[in-house]
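Hi everyone, thanks for making the time. I'd like to walk you through one structure, so please take a look at it while I talk.

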Amino acid sequence: MRISFRCAAAAWLAVFSLAAAEQHGQVRFGGLPVPGATVTATRGDQRLVAVTDQEGFYSFLELADGVWTMRVEMLCFAPLKLEVGVAPGAPAREWDLTLLPLEQIKAEIKPAAPTAAPPTAAPPTAAAAPAPGSNAPPPRKGKQAEAPKDGALTGFQRADVNASSSGDSPVEANSLPPADASSDAANAFVVNGSVSKGIEGRAIGNFRKGPGSAFRGDLFATVDNSALNARPFSLTGQNTTTPAYNRLRFGASFGGPVIIPHWPQKYRATFFLNYQLARNRNASTQPALMPTEAERGGDFTHVLNPLGQPVQIFDPRGGAQFSGNLIPPNRISDQAKALLRLYPQANFDPAARYNYQIPIVGISDQDTVQTRLNKQVARRDFVNGGFAWQSTRTEGPNLFGFTDRTGASGLNANVNWRHVFSQRMNANLGFQYSRSALRATPFFANRENVSGEAGIAGNNQDAVNWGPPNLSFAGGIAGLADGQASFTRNQT
């Protein structure tokens, strides 16, 4: 079956023209979210409006791909206008509002001029008696309703409301005091057109004078230790000393605009820096079965198998059973004696299932740094970049007191540039570099050649691989082992 190129192209253009994507962002002032701001998206005769929520976020669920003119407006703030490219996966837009000069704020919140007072009839000096034969009730005695004093407001007044002079209104339009515009602008905080003279604007959020109000920082710390912790459960029933340990987490972040004196600030860059560290000490209690003093000398007469029967010890040279399950001292090799010195002595009941138990404290340290920079360099050009680095160090001791160390580090850096050519064409150019390394260092590496000094041949004798060979036993005695040296590096 043949399909003409013209039909295929028309179908492709139809699908492409219907493509839509979500466009969202956040409106802030001085690093704090701005609720109630109006965001308008316009392209041609299309016009969509969204309002920011309590966190300053807005969202257009379906905008056709291309370049839209976005305008952000909020009372007492300078409006922002920018052409934004809409495409699937486009990053969220961040808007930073700038407070208008004081004179412009005065003009925005200046109340309407008071209207002339309507004529009112003079109050009667004396109550008139009803006419003879009239059914009208006599006049009531008492005080007349007093008009509110000048300047006294009975409720919260909207700045954009013009009160009408109705007879049943408790506050007439001409009873509103002529407000001082300079006082209102300096002392009032404006939200969606309302004026409240009881709230000091300078004490809300980051509404402060000076460039420092545009920056934001955070700091946290978490510390805990084992001072009040219960003793770890002991499988052996032995009361092992509980090791003390601590855990610490700390973090700090700072961000805001990049301000360079005497440098044009038409498209101001913003930066963010974050640092976190962790210093953890984790404790545990581990039991094990170690060779008894008799077994170290070759006496296995008391050793029973899982069925409760004495074990049988055979001579590896001829396969015959050792008499009485006793190994002659001259048959114990020098290599075995050398490795046996690495085994600690049992520290309680030798006949128990586990005759050895010690507390172990592992160490884990971590440092993390993250930073990013966003900059609009022109009306249709955007640049952003980031850098992240992390380092982790661990120390893990085992039953034999061997402490192996592991170090891991990684970094990632990226720079991206985006240019908007037209409604349907964007160019993106990026560079990314990443590097990670993982190194494991055994306890005996470059320290002591245990197998070589014991006369064991056939294994790797490089300094990074010094240490004992791995031993395992079917009878439950703890196996001898040390870490394996390794180094891995990935770079992209």
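**Around Tyr58**

Let's start with Tyr58. Setting aside neighbours within four places in sequence, Tyr58 is in contact with Gln23, His24, Gly25, Gln26, Val27, Val39, Ala50, Val51, Thr52, Met70, Arg93 and Trp95. Please keep in mind that what you see is a predicted model.

Gln26 is in strand 1. Is Gln26 buried or exposed? Its relative accessibility is 16%, so Gln26 counts as buried, the cut-off being under 20%. Beyond its neighbours within four places in sequence, Gln26 is in contact with Pro33, Glu55, Gly56, Phe57, Tyr58, Arg93, Glu94 and Trp95.

Val51, in strand 4 (residues 46-51), has a relative accessibility of 51% and therefore counts as exposed, since the cut-off there is over 50%. With neighbours within four places in sequence left out, Val51 is in contact with Gly36, Ala37, Phe57 and Tyr58. If you like distances, Val51 and Val72 are 21 residues apart in sequence, and their C-alpha atoms are 9.5 Å apart in space.

Let me zoom out for a moment. The protein chain has six helices and 18 strands. Of its 492 residues, 26% count as buried. Among contacts between residues at least 6 apart in sequence, 60% join residues at least 24 apart.

Which residues of helix 2 (residues 102-109) are buried? They are Ile105, Lys106 and Ile109. Viewed down the axis of helix 2, the buried residues fall within an arc of 105°, so they line one face of the helix. As a reminder, an α-helix has 3.6 residues a turn, so residues three or four places apart point the same way. On the other side of helix 2, Glu103 and Ala107 are exposed.

Helix 4 (293-296) and helix 5 (334-340) each supply at least two lining residues, and the largest share, three residues, comes from helix 5.

How many cavities of 30 Å³ or more does the structure hold? The count is one. The largest cavity has a volume of about 40 Å³. Around the largest cavity you find Arg231, Pro232, Ser234, Gln238, Thr240, Thr285 and Gln357. That lining divides into one nonpolar, five polar and one charged residue.

That's my tour, and I'm happy to go back to any part of it.

Terms used. Residues numbered from 1 in each chain as written. Predicted model: local features only at pLDDT ≥ 70, side-chain atom pairs only at ≥ 80, totals over all residues. Heavy atoms only, no water. Helix = DSSP H or I, 4+ residues; strand = E, 2+ residues; numbered from the N terminus. Buried < 20%, exposed > 50% of the residue type's maximum accessible area, 1.4 Å probe, protein only. Arc of directions from axis to C-beta. Contact = heavy atoms within 4.5 Å. 1 Å grid on protein atoms, 1.4 Å probe; cavity = no way out; pocket = protein on both sides within 12 Å on 5 of 7 lines; lining within 4 Å. Points joined across faces, edges and corners; volume = space filled by probe spheres on them. Nonpolar A, V, L, I, M, F, W, Y, C, P; charged D, E, K, R; others polar.
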